[in-house]
Every structure is written in structure tokens, then in C-alpha cells.
Amino acid sequence: MTRDRQASIVLMIIAVLYLLFSYRLPSYALAVMDADALPIGLGWLLLVLAVLLFFFGEKTPADQEDSLSRKEWGVLGTVLGATLLYVFFLEWLGFVLVTIPFILGVTVLLGYRRWGVNVTVALGFTGVMYYAFTYLLNITLPQGPLPF
């Protein structure tokens, strides 16, 4: 069995568990969009992508592939650590002040060095997500010290 198929099976299990918990979220009669809409959509998207990975992933068996190098494990651990720091500081510093450096840091860590593109993506993604959640969905994101 290939690594892609192994990973897809793990992702399918995670997606099914995520969907089970997402469907248990309460619904509200007066809400324009229920709180479960985004989690359910993301859960189904993960499940579909995991199934596609299973059928269209690499064809090389896992025992013939090279294992991850120390550098690759270090990068994975650093991304995990950055994600945990992001979650930890999100409430304290706010969505905008935490998301921009997180996106910049992770893209540079993963080897993308075009600073103009990195800054544009970090600012654009953060701005669009903040606007969409705050003004379109009426979901308050953590502000931190910023007045908005």
C-alpha cells in the first residue's frame, strides 16, 4: 500500500469523526447561516479530497519510498509548533495580528521566498477572511488590542 493511500485512509477517518461532531452542533432558528455550515462543508471537502487521494495518489509502494529526512521532520515539527502558537496567541493578540505573521512565517519556512507574493497573500487572505466573517457572516473574530 502506498503512503498516499495510507494517508488518505487516516484522513478519511478524521473526516468522518469531524463530520460526526459537526452534525452535533446546535442549530439556531434566527440565524442566517447556522454555525454548523462551515464545519460540515469543510468535513465533506476533506472526505472528498481524501477519497481522491486514495484513487489518484502516487503509485509507488510505501516500502520502496525513502523515509522522511531529519530536515523534513524538523519542518513538520516547526509547522506544528507554529500552528500551536497561532492557536495560543489568537485570542490574546487577535485574528489580524496573529494570522499575517503566521502565513508569512509558514510560507517562508516551506521555501517560498517571493516576499511580494507572500505579503500580498498574507494581507489579502487575512483581510478577506476578516471581512467575510465579521461583516458577511456576523461572526466576531478575536480582536486583540486592535480597535476593529
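## Close-up views of a predicted model

**View 1. The largest nonpolar core of the predicted model.** Eleven residues, given as 11 in all, form this core: Tyr86, Phe95, Val96, Val98, Ile100, Ile103, Leu104, Ala122, Tyr130, Phe133 and Leu141. Two or more core residues come from each of helix 4 (95–109) and helix 5 (115–136). Helix 4 supplies the largest share, 6 residues. Leu104, a member of the core, touches Asn118, Val119 and Ala122 when residues up to four places away in sequence are not counted. Of these, Ala122 is itself listed in the core.

**View 2. The nonpolar patch on the surface.** The patch consists of Tyr18, Leu38, Leu42, Leu45, Val48, Leu49, Val51, Leu52, Phe55 and Phe56. Together these residues have about 950 Å² of accessible area. Helix 2 (residues 37–56) gives the most to the patch, with 9 residues. Leu49 is located in helix 2 and counts as partly exposed because its relative accessibility is 47%, between the limits of 20% and 50%. Leu38 is also found in helix 2; its relative accessible area is 45%, so Leu38 is partly exposed as well.

View 3. The C-alpha atoms of Ser22 and Leu38 are separated by 9.0 Å, and the two residues are 16 residues apart along the chain.

**View 4. Arg3 in helix 1 and Val98.** Arg3 lies in helix 1 (residues 3–22). Arg3 is partly exposed because its relative accessible area is 32%. Between Arg3 and Val98 there are 33 Å, C-alpha to C-alpha, and the pair is 95 residues apart along the chain. Val98 is one of the residues of the nonpolar core.

**View 5. Thr78 in helix 3 and Val106.** Thr78 sits in helix 3 (residues 70–93). At 41% relative accessibility, Thr78 is classed as partly exposed. Thr78 and Val106 are 28 residues apart in sequence, with their C-alpha atoms 8.8 Å apart in space.

**View 6. Asn138 in the segment after helix 5.** Asn138 is not a glycine, yet has a positive phi of about 55°. Most residues other than glycine have a negative phi. Asn138 is located in the segment after helix 5. Its relative accessibility is 63%, which means that Asn138 counts as exposed, the threshold being over 50%.

**View 7. Spans annotated as transmembrane region.** The UniProt record, an unreviewed entry, assigns the annotation "transmembrane region" to residues 7–25, 37–57, 73–89, 95–112 and 119–141. In the predicted model, residues 37–57 are 95% helix and 0% strand. The end C-alpha atoms of residues 37–57 are 29 Å apart. Residues 119–141 are 78% helix and 0% strand, and the end C-alpha atoms of this span lie 21 Å apart.

Definitions and conventions. Residues are numbered from 1 along each chain as its sequence is written. This is a predicted model: local features need pLDDT of at least 70, side-chain atom pairs count only at pLDDT 80 or more; totals for chains, interfaces and linings use all residues. Side-chain values use heavy atoms; hydrogens and water are left out. A nonpolar core is a set of buried Ala, Val, Leu, Ile, Met, Phe, Trp, Tyr and Cys residues joined through side-chain atoms within 4.5 Å. Buried means under 20% relative accessible area, exposed over 50%, partly exposed in between (1.4 Å probe, protein chains only). Helices (H or I, at least four residues) and strands (E, at least two) are DSSP runs, numbered from the N terminus. Contact means heavy atoms within 4.5 Å. UniProt positions are given in the numbering used here, feature names are shortened, and annotations may be inferred rather than shown by experiment. Patches are made of residues with over 30% relative accessible area and no salt bridge: like charges are joined within 9 Å, nonpolar side chains (Val, Leu, Ile, Met, Phe, Trp, Tyr) within 5 Å. Accessible areas come from the Shrake-Rupley method with a 1.4 Å probe; for residues, only the protein chains shown count as cover. A salt bridge is a side-chain nitrogen of Lys or Arg within 4 Å of a carboxyl oxygen of Asp or Glu.
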